[in-house]
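The tour moves from one selection to the next.

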Amino acid sequence: MVRKTKEEAQETRNAILDAAERVFQERGVSHTSLAEIATAAGVTRGAIYWHFANKSDLFDAMFERVVAPLEERFEAMHDELRKNPQANPVDSMRNMALDFIDRVASDPRCFRLVEISWHKCEYVGEMATIRDNHLECGNRHLEMAVESFRLAQERGFLPAALDPRIAAMGMVTLLDGLIVNFTLEKGTFPLVGYAPAILDAYLAGLNVAPPTLPATTATTAR
């Protein structure tokens, strides 16, 4: 009986998260109430408060449900890269980037999350803490890219004069730009069709090292 109760609770939680994705995508986060999410999920407001403290807590859980498995996959790929001294870190970064591109283009849940996060959420009020969490997540990915480009230098795959942080920031910005524009209007261009050529052009350009910029103590933000 206890096991069944836990399974039912998990089903209710997932139904709430599914409904939140749909309503946030349709109405935007700031214009959506928990009561509207409860109605869309077919549950009471009390059921929502049983699982989530408030709207930002619900949004964070919705975000983690999609992002956590991706982060685990990327971290595993990164660990394998560290263990294999013969591997080209640039190839690994390319594979991880295109894997994410493919998820955004082919997985409706991943697409909804990105669209909501970048186009339909104001990070003010109770949502301000979510912004901080997203920045922390983005910075983790950036540091992973920095380490990968540094390893590529050490292994002779990139010029020694290249600044790994500049290379990583350029790649992150390129990917963000592609995905932001694609989620703004899917018909603008074929993301999966264009991304490999655009990414390859950028990575090829890293063999001509850009000038090193002055160090900064400012917190990296995306």
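The model is predicted: local features need pLDDT of at least 70, side-chain atom pairs count only at pLDDT 80 or more, and totals for chains, interfaces and linings use all residues. Residues are numbered from 1 along each chain as its sequence is written, and side-chain values use heavy atoms, with hydrogens and water left out.

Select Phe182 and Phe189. Their rings form an edge-to-face pair, at 6.1 Å centre to centre and 65° between the planes (rings of Phe, Tyr and Trp, the last by its six-membered ring, pair with centres within 6.5 Å; planes under 30 degrees apart are stacked, over 60 edge-to-face, the rest tilted). Phe182 is buried at 6% relative accessible area, and Phe189 is buried at 11% (buried is under 20%, exposed over 50%, partly exposed in between; 1.4 Å probe, protein chains only).

Tyr194 is partly exposed, at 45%.

Lys186 lies over the face of Phe111, 4.6 Å from the ring centre (NZ of Lys or CZ of Arg within 6 Å of the centre and within 35 degrees of the ring normal).

Finally, select Ile37. Leaving aside neighbours within four places in sequence, its contacts (heavy atoms within 4.5 Å) include Ile16, Phe24, Thr32 and Leu58.
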